[in-house]
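Morning, everyone. Let me put the structure up, and then I'll walk you through it.

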Amino acid sequence: MLIRRKSDLTEADVTDPAWYARRREFLQGTAALLLAAGGLRPAQAGHGGRALQYRPRPDLAAKDALTDFSDVTTYNNFYEFGTDKASPAELAGRLTTDPWSVTIDGEVARPGTYALEDILKPHGLEERIYRLRCVERWSMVIPWIGFPLADLIRRFEPTSRAKYVEFTTLYRPEEMPGQRRAVLDWPYVEGLRMDEAMHPLTLLAVGLYGEVLPNQNGAPLRLVVPWKYGFKSIKSIVRIRFTEQMPQTTWHKAAPHEYGFYANVNPAVDHPRWSQKRERRIGEFRKRKTLPFNGYAEQVAHLYAGMDLRRFF
Ligand code: MTE
């Protein structure tokens with residue numbers, strides 16, 4: 001694995017102490033600070049996490065009612081902390097997320113292992129309200145705070161051979177008890193085709209509901225790809241690798257007939273064990289119809305023009 005020392009970093013890579021101080025300041029900020037920044041309504045702020053400063057993106061805000069903060073943060077899939085929905089909220093608190101570094105490697109001009117602060121430094125944060133549809137037929141509506149993955153990709157300059165991006169979650173069984181059992185082939189790996197990764201809807205999230213991501217939701221850095229089943233939205237990322245070949249993703253390896261690489265939300269293609277036509281919005285009783293590409297077809301369907309979506313599921 002490539003480790004780049006501070007001395008190899010350019011001016012743009014290195015975080016100056018003033019910025020560290022500022023980051024600490026806004027991480028420790030209050031709901032008042034958040035409100036002053038023109039952020040969220042009072043009812044949504046102040047869940048006890050560290051407040052973030054961000055710019056709302058009303059143009060990228062689903063109009064659906066938000067899922068309750070308590071559901072978003074206690075009904076989770078994060079197999080590193082257990083296979084049931086409650087374990088991540090109970091056990092993820094012990095995960096150390098600071099310090100954190102991310103390795104960027106493969107087909108890229110500026111590989112290296114970078115402190116999270118250096119990764120985040122140039123990127124302004126924005127809030128986008130996205131629907132997340134899990135392959136297990138439930139969905140949520142979450143106000144994410146993050147920045148476009150495309151901006152990070154441009155900064156690290158992938159080579160012309162880069163056709164895919166592979167993401168890897170932290171492997172730390174001491175703090176992630178689920179990894180002590182071979183439920184999945186750890187560490188968790190996900191991937192996107194380059195044009196999917198560069199799509200303006202694809203978000204790297206660092207927060208939700210105006211605050212730093214709770215650990216159970218994938219702190220300190222996770223992917224959110226709103227037109228794909230939730231398992232593509234990999235949590236607690238430590239590596240971003242650019243590849244010429246399609247990455248071998250964890251769920252595809254575990255059950256290739258059930259989980260494809262693309263995993264676009266598609267009510268017309270059933271999971272081998274259940275229909276994908278409907279979903280239960282957490283907090284609602286009556287089931288809803290699942291929409292093609294989770295309702296984002298207008299923005300993303302062109303990426304798959306001419307592809308047989310039954311074959312490339
Ligand atoms: N990332 C890792 N590392 N491990 C996981 O088990 N579960 C995925 C995805 N990312 C998962 C993961 C699945 S199946 C879903 S539905 C979403 O995370 C859930 O995200 P949430 O808990 O923030 O709602």
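One definition before we start: two strands pair if DSSP finds at least two bridges between them.

The protein chain has an average pLDDT of 90, and 86% of the residues score at least 70. Over residues 1–44, pLDDT stays under 50. The model still has 66 contacts beyond four places in sequence for residues 1–44. Where pLDDT is low, the predicted coordinates should not be read in detail.

Back to strand 4. What does strand 1 do with strand 4? Strand 1, residues 55–61, pairs with strand 4 in the parallel sense, over three bridges. Ala 61 stands opposite Ile 129 of strand 4.

Is strand 4 enclosed or open? Strand 4 covers residues 126–133, and eight of its eight residues are buried, so the rest of the structure largely encloses it. Buried here means under 20% relative accessible area. In a regular strand the side chains alternate between the two faces of the sheet. In strand 4, both faces are covered. One side has Glu 126, Arg 128, Tyr 130 and Leu 132, all buried. The other has Glu 127, Ile 129, Arg 131 and Arg 133, also buried.

Next, the chain as a whole. The protein chain has nine helices and 13 strands. Of its 313 residues, 56% are buried. Take contacts between residues at least 6 apart in sequence: 71% of them join residues at least 24 apart. The chain exposes about 14,100 Å², with carbon and sulfur atoms supplying 53% of that.

Last, the ligand. Which residues are closest to the ligand? Of the 16 that surround it, the closest are Asn 76, Tyr 79, Glu 80, Arg 222 and Lys 235. Some distances. A side-chain N or O atom of Asn 76 is 2.9 Å from an oxygen atom of the ligand. For Glu 80, a side-chain N or O atom is 2.8 Å from a ligand nitrogen. Ser 233 uses its backbone: an N or O atom there lies 2.9 Å from a nitrogen atom of the ligand. On its own, the ligand has 540 Å² of accessible area, and the protein covers 99% of it.

How values were computed
Residues numbered from 1 in each chain as written. Predicted model: local features only at pLDDT ≥ 70, side-chain atom pairs only at ≥ 80, totals over all residues. Heavy atoms only, no water. pLDDT = per-residue confidence, 0-100. Contact = heavy atoms within 4.5 Å. Buried < 20%, exposed > 50% of the residue type's maximum accessible area, 1.4 Å probe, protein only. Helix = DSSP H or I, 4+ residues; strand = E, 2+ residues; numbered from the N terminus. Areas by Shrake-Rupley, 256 points an atom, 1.4 Å probe, with all protein chains shown as cover. Near = heavy atom within 4 Å. Polar contact = N/O pair within 3.5 Å; in protein donor to acceptor, adjacent residues only side chain to side chain.
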